Number of protein chains: 2
Amino acid sequence: MDMLWNGWGDPAKAAPLPETVTGLLHDLLGVEPRSTPALGLEDIRPPAPTAAPAALRALAAAVGEEHVRTDTASRVRHTRGKSTPDLLRLRAGDVTDVPQAVVLPAGHDEVLAVLRACAAHGLAVVPFGGGTSVVGGLAPQRSAFVSLDLRRMNRLLDLDPLSRTAVLQPGLRAPEAEALLAAEGFTLGHFPQSFEWATIGGFAAARSSGQASAGYGRFDEMVLALTLATPEGTLTTGRAPRSAAGPDLRQLILGSEGAFGVITSVTVRIRPLPEVRVHEGWRFASFLEGAAALRRLAQDGPRPTVLRLSDETETLVGLAQPDAIGADAAQGGAGCLAIAGYEGTAEDTAHRRERAATVLAGCGGTPAGTAPGERWAHGRYSAPYLRDALLDAGAFAETLETAAFWSRIPGLYTAVRTALTDTLTRAGTPPLVMCHISHVYENGASLYFTVVSAQGEDPVAHWTPAKHAANEAVLAAGGTISHHHGVGTDHRDWYVREAGPLGVSALRAVKRRLDPEGLLNPGVLLPTD
Amino acid sequence: MDMLWNGWGDPAKAAPLPETVTGLLHDLLGVEPRSTPALGLEDIRPPAPTAAPAALRALAAAVGEEHVRTDTASRVRHTRGKSTPDLLRLRAGDVTDVPQAVVLPAGHDEVLAVLRACAAHGLAVVPFGGGTSVVGGLAPQRSAFVSLDLRRMNRLLDLDPLSRTAVLQPGLRAPEAEALLAAEGFTLGHFPQSFEWATIGGFAAARSSGQASAGYGRFDEMVLALTLATPEGTLTTGRAPRSAAGPDLRQLILGSEGAFGVITSVTVRIRPLPEVRVHEGWRFASFLEGAAALRRLAQDGPRPTVLRLSDETETLVGLAQPDAIGADAAQGGAGCLAIAGYEGTAEDTAHRRERAATVLAGCGGTPAGTAPGERWAHGRYSAPYLRDALLDAGAFAETLETAAFWSRIPGLYTAVRTALTDTLTRAGTPPLVMCHISHVYENGASLYFTVVSAQGEDPVAHWTPAKHAANEAVLAAGGTISHHHGVGTDHRDWYVREAGPLGVSALRAVKRRLDPEGLLNPGVLLPTD
């Protein structure tokens with residue numbers, strides 16, 4: 001099944017906004033119903049491919065004719081990713097970032113052959129997994145490019161139950177990977193909000209982090225070995241869980257966002273399927289009180305498997321538990337809702353849960369039972385569907401995220417909130433800015449912001465200054481430009497400042513060695529020359 | 001205090017071999033007393049420095065005249081590291097790898113100034129921390145070089161108790177760093193065998209792993225931010241515990257062994273000082289039975305802070321508890337000794353210890369009480385002193401180590417043991433080969449081998465084929481060429497094969513960008529052009 005071309009996910013799961021939310025949008029933010037509906041796919045007219053017939057023949061020779069697609073639907077479905085500006089542009093019929101063709105290789109050698117064909121014909125290459133980038137990771141700065149869709153590379157290549165490792169192909173979607181592993185009694189434990197659509201290769205290329213990261217770790221911590229197909233050949237790395245044999249090349253490929261090569265296999269750490277999964281809610285008087293409680297668990301344990309905390313606004317709106325959106329708004333003064341989830345054996349889960357409860361209560365938390373936790377777990381993948389409903393209703397909704405060391409979290413929270421609120425208010429569309437912590441570490445945490453406002457006349461132009469102001473605030477307050485969405489093209493200019501001129505030039509030296517003609521995702525992650 | 005120039009550690013701690021060991025060496029291995037004692041430092045005559053007076057003046061301008069040392073003792077004390085071949089060469093008066101001068105900068109800017117002075121005068125630069133490399137990491141392939149001794153950069157620059165981070169200068173020796181942190185109630189938890197002498201910068205540059213890695217992690221897992229001084233300027237990295245902003249540049253600097261730049265500050269994760277430290281022994285019938293028990297704890301917990309297992313030979317000799325060397329030899333059939341150590345709060349330690357005991361007993365282990373554990377803890381830094389005593393007694397002793405995924409551990413163990421035994425036996429000096437596991441992960445473990453034999457006529461020439469055979473066995477059996485000693489010059493040729501041509505050329509591209517004239521540790525880690 002294909003994802004909704006100009007929105008998120010399975011079209012059958014789309015749902016209109018609850019009335020409480022529609023009322024809130026109108027009363028609080030002045031959101032008015034949209035006058036013009038989004039265009040249909042049949043209305044979209046991308047420019048005809050300009051790639052030479054010889055180029056298409058070379059691609060067909062690499063992967064087979066039936067695996068080179070130049071039809072409008074295929075090309076439009078591979079245009080950009082799923083950021084709100086991406087969707088707004090598609091809804092308006094703007095397909096300026098359309099690929100020349102969509103190419104579907106069956107394996108590593110076909111990927112190498114595609115790279116050779118593209119080099120020979122001057123075509124850029126954009127690796128495409130689930131197409132879920134929200135940072136412009138699929139919008140290269142080159143007009144003639146092919147989209148390299150990895151969906152045919154969707155096999156479990158090997159599973160070593162003793163070492164608890166599995167070798168996965170990059171085009172496996174997360175649910176497919178989980179199903180294959182579950183058949184052997186294992187799980188990866190990687191459940192990001194994009195779970196239903198995102199792929200193993202994309203997780204690795206963009207350093208994804210899942211909602212159960214407190215227990216299972218980030219995706220980059222799960223990766224033990226990688227194979228990378230580059231225009232200069234094959235790079236493989238990872239012979240042991242840890243090594244002192246030089247710099248860790250795995251960590252050079254992770255986060256390279258398709259700019260150094262195409263990830264064609266990923267060896268991951270797997271864990272036994274949990275016996276028990278339970279999620280519960282906790283209430284805190286304030287975001288900072290709750291954050292201190294999360295910090296205590298992250299530093300001294302016991303570590304829940306899922307640990308998150310919504311700020312006052314997100315709690316009030318109900319975004320902390322998507323199935324309950326708007327329900328709390330009438331109550332007022334709801335404080336902050338935290339969710340703690342536990343997965344594992346029955347004994348270990350019970351023990352951790354009991355001890356964590358003592359810590360959370362000692363930090364001022366009030367237990368709210370399992371109902372809010374299970375509501376969160378049930379609705380955990382629904383936020384992107386909600387965004388489509390908000391866009392349909394004439395609202396603007398977007399997210400951004402960062403991370404920092406604990407001592408910087410309060411200042412970072414205030415700085416980003418203020419930047420977003422001030423910029424959008426000055427533009428005449430005062431926003432609702434919500435925030436949660438969803439990934440905790442001994443030394444710091446992530447902050448994830450959701451912004452909802454009226455759309456304004458030109459919603460993309462309206463949003464851009466607010467996003468830029470947020471990026472500036474992130475850097476000034478000591479945060480990283482992205483904790484788990486990645487760099488893409490949207491964060492590139494700030495990433496360059498974060499990495500510094502010498503860091504960026506070291507990475508460009510690597511890119512020039514692996515991709516001397518600059519075919520791979522030009523302008524994504526690193527500026528073009 | 002300076003380390004023994006041609007051996008290990010504090011000369012006052014040197015101790016002769018127990019008689020049981022001397023007897024064993026003679027009876028089992030045919031070790032005969034040495035006929036010629038090692039030379040004294042006063043007998044060593046290194047070649048006079050050839051560096052131009054202008055070069056020495058430029059260095060003096062960078063760091064102050066009193067911090068540029070050209071006296072024989074300083075130069076000889078900075079000649080090579082502490083591998084057994086290094087020591088044997090020094091004992092024989094071979095100082096071919098002597099530096100032109102020893103330069104002691106006071107801070108980051110002085111390091112940059114030294115790099116500029118060296119670039120201007122064509123001198124190579126070898127960063128020098130504790131001088132404890134056992135892989136030829138201080139023996140560059142360039143005759144005219146200066147040793148950049150970082151001992152004056154020995155301050156704690158910052159400590160953030162909320163985020164539990166500390167900023168350390170690279171020249172801090174581990175005990176100094178621990179003392180500074182302990183004054184604030186914290187510990188780094190990094191206790192490698194080189195603890196007494198090795199430095200923070202060296203730990204980072206060589207991806208050190210400490211004996212408490214099961215609980216505190218490896219050094220590369222403790223590093224949150226780094227500053228690197230390079231001939232092309234300063235590179236800083238690390239704004240958050242984790243980030244999705246591109247490849248992880250920290251992991252490109254960690255393990256770079258001075259070939260990309262000089263690490264001038266390291267931000268590390270710190271933890272509260274433990275309330276309790278306890279070590280206990282367990283007996284297993286065989287190495288593989290014990291390894292399966294360690295795997296169980298590493299995969300399913302609870303995780304001790306220290307977890308190690310000696311094979312039958314190491315247990316029999318008593319190397320598992322250095323204070324008891326030779327004591328078990330008479331008993332025979334001692335099985336394999338494991339050490340499990342626990343550090344933390346009293347409650348957490350008791351709980352983990354109790355649950356781990358159930359797991360270990362369930363895997364066939366027999367509790368041996370705390371006596372073997374405390375003997376191990378007491379003697380944990382004594383093995384390198386023991387080596388000097390062995391060399392004095394006419395024996396040859398050296399170590400090497402690797403790591404692999406769990407399913408490869410049995411084959412790797414057998415392959416390396418066989419390679420060492422066969423090569424040395426064919427050469428007429430049948431060895432005693434001992435092994436332990438001292439670092440465990442969910443997906444694999446390290447193997448650390450100790451070899452003792454008679455020295456043979458030319459002990460370095462005698463050892464080289466055995467070491468090469470072991471390296472070949474490591475690669476063939478799926479291990480990494482080093483789990484925690486590093487690459488240096490000794491492992492370089494095998495590292496190049498492990499990293500692969502494209503991986504190596506990517507790293508060389510980084511080196512060329514940061515060190516275009518190839519001043520930094522030429523031939524260490526990466527081959528020279």
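**A sheet edge and its surroundings**

Modeller: Strand 1 of chain A and strand 2 (residues 101–103) of chain A run antiparallel, joined by 2 bridges. This is a predicted model. In that pairing, A:Val68 stands opposite A:Val103 of strand 2. The two strands belong to an open sheet of 4 strands in chain A, in the order 1-2-4-3. Pairing in the sheet is mixed. Its edges are strand 1 (68–69) and strand 3 (124–128) of chain A. Each of these edge strands pairs on one side only.

Now the helices. Helix 2 (residues 53–63) of chain A packs against helix 5 (residues 108–121) of chain A. The angle is about 165°, and the axes are 8 Å apart. Angles over 145 degrees count as roughly antiparallel, so helix 2 of chain A is roughly antiparallel to helix 5 of chain A. The crossing of helix 2 and helix 5 of chain A is right-handed.

Which residues make this contact? From helix 2 of chain A come A:Ala54, A:Ala55, A:Ala58, A:Leu59, A:Ala62 and A:Val63. They meet A:Glu110, A:Ala113, A:Val114, A:Ala117, A:Ala120 and A:His121 in helix 5 of chain A. By class, the contact of helix 2 with helix 5 in chain A has 10 nonpolar residues, 1 polar and 1 charged.

Next, the two chains. A rotation of 180° superposes chain B on chain A, with 0.0 Å of shift along the axis and an RMSD of 0.0 Å. That is the relation of a two-fold axis. Of the residues of chain B, B:Ala509 comes closest to the rotation axis, its C-alpha lying at 2.8 Å.

At the interface, 68 residues of chain B are in contact with 68 residues of chain A. On the chain B side, the elements giving two or more residues are strand 8 (223–230), strand 9 (233–237), helix 10 (250–253), strand 16 (395–405) and helix 18 (492–514). Helix 18 of chain B gives the most, with 14 residues. The side of chain B that touches chain A divides into 28 nonpolar, 27 polar and 13 charged residues.

Why do the copies meet through the same surface? Of the interface residues of chain B, 100% are also interface residues in chain A, so the surface is the same in both copies.

Definitions and conventions: Residues are numbered from 1 along each chain as its sequence is written. Chains are lettered from A and ligands numbered from 1 in the order in which they are written. This is a predicted model: local features need pLDDT of at least 70, side-chain atom pairs count only at pLDDT 80 or more; totals for chains, interfaces and linings use all residues. Copies are superposed by least squares on the C-alpha atoms of residues with pLDDT of at least 70 in both. Two residues are in contact if their C-beta atoms, placed from the backbone, lie within 7 Å. Ala, Val, Leu, Ile, Met, Phe, Trp, Tyr, Cys and Pro count as nonpolar, Asp, Glu, Lys and Arg as charged, and the others, Gly among them, as polar. Axes are lines fitted to C-alpha atoms, for helices over the stretch in contact, and angles run from 0 to 180 degrees between N-to-C directions. Angles under 35 degrees count as roughly parallel, over 145 as roughly antiparallel, 65 to 115 as roughly perpendicular and the rest as oblique. A crossing is left-handed if the near helix is turned anticlockwise from the far one by less than a right angle, and right-handed if clockwise. Two strands pair if DSSP finds at least two bridges between them.
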